[in-house]
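Dear colleague,

Please find below the structure that I am handing over to you. My notes on what was found in it follow directly after.

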Amino acid sequence: MPIDIMGLFFFAYRDFVRDADALLEMQGFGRAHHRVIYFVNLRPGMTVADLLDILRITKQSLARVLRQLIDSGYVAQRHGETDRRQRLLFPTEKGRDFFEVLSATQARRIDSAFASLPEQSRENVKRFFAEMTERSDHQLLKTLRLSDSSS
């Protein structure tokens, strides 16, 4: 049983989110806000429906978080050009700047961890995480450019 990997995963995740959590808390935000900021910056113009599919949360949960991010000026919402019922999400300049700050803290931790590992480690770690993801989401990982695996 991979109990050691599970424990390491817990501690790595705890420390990975610690710095971002502190920055988010200063804005009155939490991890749900971080996830929305992350994906809206990763794929500007995504629909609310696409974001719901990615996050696998209820409309009600997303509505509260999204409203706070829009009201605080981190995310802008526009109607689709061809389908006015669509709600498209874009990061604002403030949202892009905050995303950069949040990402920088986590990128430093990742880069530091990779610094002492063999060159091929980055691809192995990416593959490991892609393999832990539900098969039904593998195409989504490719669409988001998070994975190039052909599985």
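How many bridges join β1 to strand β3, and in which direction do the two run? The answer is 2 bridges, and β1 and β3 (residues 87–91) run antiparallel.

Before the details, a word on the basis of these notes. This is a predicted model, in which local features need pLDDT of at least 70 and side-chain atom pairs count only at pLDDT 80 or more, while totals for chains, interfaces and linings use all residues. Residues are numbered from 1 along each chain as its sequence is written, and side-chain values use heavy atoms, with hydrogens and water left out.

**The sheet**

The strands β1, β3 and β2 form, in that order, an open sheet of 3 strands with antiparallel pairing. Strands here are DSSP runs of E with at least two residues, helices are DSSP runs of H or I with at least four, and both are numbered from the N terminus. Two strands pair if DSSP finds at least two bridges between them. β1 (46–47) and β2 (75–79) stand at the edges; each has a single partner strand, so one side of each is left without a neighbour in the sheet.

**The nonpolar core**

The largest nonpolar core comprises 26 residues, and those with the most contacts inside it are Val 36, Leu 51, Leu 62, Leu 66, Leu 69, Val 75 and Phe 98. Two or more residues each are given to this core by α1 (3–26), α2 (31–42), α3 (48–55), α4 (59–71) and α5 (93–115). A nonpolar core is a set of buried Ala, Val, Leu, Ile, Met, Phe, Trp, Tyr and Cys residues joined through side-chain atoms within 4.5 Å. Buried means under 20% relative accessible area, exposed means over 50%, and partly exposed lies in between (1.4 Å probe, protein chains only). In soluble globular proteins, nonpolar side chains tend to be buried together.

Leu 51 counts as buried because its relative accessibility is 0%. Not counting residues up to four places away in sequence, Leu 51 touches Val 36, Phe 39, Val 40, Met 46, Leu 62 and Leu 89, where contact means heavy atoms within 4.5 Å. The C-alpha atoms of Leu 51 and Arg 31 are separated by 15 Å, and the two residues are 20 residues apart along the chain.

**A nonpolar surface patch**

Which residues make the nonpolar surface patch of about 740 Å²? They are Ile 5, Leu 8, Phe 9, Tyr 13, Val 125, Phe 128, Phe 129 and Met 132. The elements that give two or more residues to the patch are α1 and α6 (121–132). Patches are made of residues with over 30% relative accessible area and no salt bridge, with like charges joined within 9 Å and nonpolar side chains (Val, Leu, Ile, Met, Phe, Trp, Tyr) within 5 Å. Accessible areas come from the Shrake-Rupley method with a 1.4 Å probe; for residues, only the protein chains shown count as cover. Leu 8, which lies in helix α1, counts as exposed because its relative accessibility is 57%.

**Salt bridges**

A search of the whole structure finds 11 salt bridges, a salt bridge being a side-chain nitrogen of Lys or Arg within 4 Å of a carboxyl oxygen of Asp or Glu. The side chains of Arg 31 and Asp 21 form one of them (2.6 Å, N to O). This pair links distant parts of the chain, with Arg 31 in helix α2 and Asp 21 in helix α1, 10 residues apart. Arg 31 is partly exposed, at a relative accessible area of 36%.

In the salt bridge between Arg 14 and Asp 15, the closest N and O atoms are 2.8 Å apart. Arg 14 counts as partly exposed at 38% relative accessibility, whereas Asp 15 counts as buried at 16%. Another salt bridge joins Arg 43 and Asp 50 (3.8 Å, N to O). Salt bridges that share partners join Arg 14, Asp 15 and Arg 18 into one network.

**Backbone features**

Arg 56, in the loop between α3 and α4, has a positive phi of about 55° although it is not a glycine. Arg 56 counts as exposed at 51% relative accessibility. Arg 145, in the segment after α7 (138–143), has a positive phi of about 60° and is likewise not a glycine. Arg 145 is exposed, with a relative accessible area of 77%.

With kind regards
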